[in-house]
Amino acid sequence: MTRKRNERNTQTERMKNEAKTKTGKLEWFSSCCTYIPVLRKNLYAMQVESCKCLGGKLVELETEEENEFIKNDVMTISSGVAGYWIGGYNFNNDDDLEWLSQPNQAMPFSDWNMEIYPQPDGLLTQPCVMIWRGFDFRWGDHWCDRLLSYICEFQHQ
Ligand SMILES: [Ca+2]
Ligand SMILES: [Ca+2]
């Protein structure tokens, strides 16, 4: 292994540890993936990059099982976090949202909040996607320049 790669691995480990320390917990393990919630707030684009730096991606909730898994977990953190960025985005500036890693595909599953403020409610001005405590962690579109925590997803090898 080259020295450079060693350094990168060390840095990745350091960032993962930092993420864990900041959350007080934690990693969540499912059969396919590991998830790390990070409470530090930032812009959507910065959180996309943060997950990439860790070797993962901003979480994409493609199935009901995965969605429920994450919802259950975020509800167990009594962090006071209002919401987390997830990896949905309105590519093509039209009337639907896609996952970052599948920009040409309709989302196979969705869990938009349908209660008091039905979502999505502003796709052209709110092209980013979050899960919101006020929505029981159902999804909402949101302004990308707001500061939120985030969840990174790491596929098992
Ligand atoms: Ca779209
Ligand atoms: Ca919205």
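Analyst: Start with burial: a residue is buried if 20 or more other C-beta atoms lie within 10 Å of its own, exposed if 12 or fewer, and partly exposed in between, with C-beta atoms placed from the backbone. This is a predicted model, in which local features need pLDDT of at least 70, side-chain atom pairs count only at pLDDT 80 or more, and totals for chains, interfaces and linings use all residues. Residues are numbered from 1 along each chain as its sequence is written, while chains are lettered from A and ligands numbered from 1 in the order in which they are written.

User: Which residues of α3 are buried?

Analyst: Helices (H or I, at least four residues) and strands (E, at least two) are DSSP runs, numbered from the N terminus. In α3, Asn67, Ile70 and Val74 are buried. Down the axis of α3 these residues fall within an arc of 70 degrees, taken from the directions from the helix axis to the C-beta atoms, so they line one face of the helix. The face turned away from that side carries the exposed residues Glu64, Glu68, Asn72, Met75 and Thr76.

User: What do the buried residues of α3 pack against?

Analyst: Two residues are in contact if their C-beta atoms, placed from the backbone, lie within 7 Å. The buried residues of α3 pack against β2, β4, β6 and β8.

User: Which residues touch the most other members of the largest nonpolar core?

Analyst: A nonpolar core is a set of buried Ala, Val, Leu, Ile, Met, Phe, Trp, Tyr and Cys residues joined through C-beta atoms within 7 Å. The largest has 25 residues, and Tyr84, Trp85, Ile86, Ile151 and Cys152 touch the most other members. Elements giving two or more residues to this core include α2 (44-53), α3 (64-76) and β4 (83-89). Leaving aside residues up to four places away in sequence, Trp85 touches Tyr44, Gln47, Leu58, Cys128, Met130, Leu148 and Tyr150.

User: How do β6 and β7 run relative to each other, parallel or antiparallel?

Analyst: Two strands pair if DSSP finds at least two bridges between them. Five bridges join β6 to β7, and the two run antiparallel. Ile131 stands opposite Trp139 in β7. The two strands form a hairpin with five residues between them, and Asp136 in the turn has a positive phi of about 55 degrees.

User: Why is β7 described as largely enclosed?

Analyst: Four of the five residues of β7 (residues 138-142) are buried, so the strand is largely enclosed by the rest of the structure. Over the whole protein, 29% of the 157 residues count as buried.
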